[in-house]
Amino acid sequence: SGLRDRQGVVVLAEQADGSTLDVSHEAKLSLDRPVARIAAAELAPLADGSATLAAEYGGLKASVPVKVK
């Protein structure tokens with residue numbers, strides 16, 4: 001990956017009625033390893049490697065693996 005590469009992050013919250021709401025810019029995003037920089041719901045690569053991306057919103061948390069190469 002190059003220094004100008006970016007990957008958008010989409011975080012969806014499911015409402016009580018079953019509808020979904022895009023909370024990408026409101027969710028708190030974090031990485032457990034510094035392989036990318038997080039800004040405005042986008043990841044920008046910093047170093048090759050793997051990490052876990054966590055998203056937190058409304059007291060709920062989800063995580064996914066991230067690989068930068």
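This note sets out numbered points on the strands, the core and the pockets of the structure above.

1. Basis of the note. The model is a predicted one, in which local features need pLDDT of at least 70 and side-chain atom pairs count only at pLDDT 80 or more, whereas totals for chains, interfaces and linings use all residues. Residues are numbered from 1 along each chain as its sequence is written, and side-chain values use heavy atoms, with hydrogens and water left out.

2. Strands here are DSSP runs (E, at least two residues), numbered from the N terminus. Three strands form an open sheet in the order β1-β6-β5, and their pairing is antiparallel. At its edges stand β1 and β5, each of which pairs on one side only. Two strands are said to pair if DSSP finds at least two bridges between them. Between β1 and β6 there are two bridges, and G8 has E42 in β6 as its bridge partner. Between β5 and β6 there are four bridges; here I38 has L43 in β6 as its partner.

3. The nonpolar core. A nonpolar core is a set of buried Ala, Val, Leu, Ile, Met, Phe, Trp, Tyr and Cys residues joined through side-chain atoms within 4.5 Å. The largest such core has 15 residues, and V9, V11, L29, L31, L43, L53 and V66 have the most contacts inside it. At least two residues of this core come from each of β4 (28-31), β7 and β8, and β7 gives the largest share, three residues.

4. The largest pocket. On a 1 Å grid over the protein atoms alone, a pocket is an open set of points where a 1.4 Å probe fits, with protein on both sides within 12 Å along at least five of seven lines; lining residues have an atom within 4 Å of a point. A volume is the space filled by probe spheres set on the points, which are joined across faces, edges and corners. The largest pocket holds about 270 Å³. Its lining has 16 residues, with V11, L12, A55, K61 and A62 nearest the centre. Of its strands, β8 (60-68) supplies the largest share, five residues. The lining comprises 12 nonpolar, one polar and three charged residues. Nonpolar covers Ala, Val, Leu, Ile, Met, Phe, Trp, Tyr, Cys and Pro; charged covers Asp, Glu, Lys and Arg; the others, Gly among them, are polar.

5. The second largest pocket. The volume of this pocket is about 220 Å³. Among its 15 lining residues, Q7, L43, V66, K67 and V68 lie nearest the centre. Two or more lining residues come from each of β1 (7-8), β6 (42-45) and β8. By class, eight are nonpolar, three polar and four charged.

Terms used. Buried means under 20% relative accessible area, exposed over 50%, partly exposed in between (1.4 Å probe, protein chains only).
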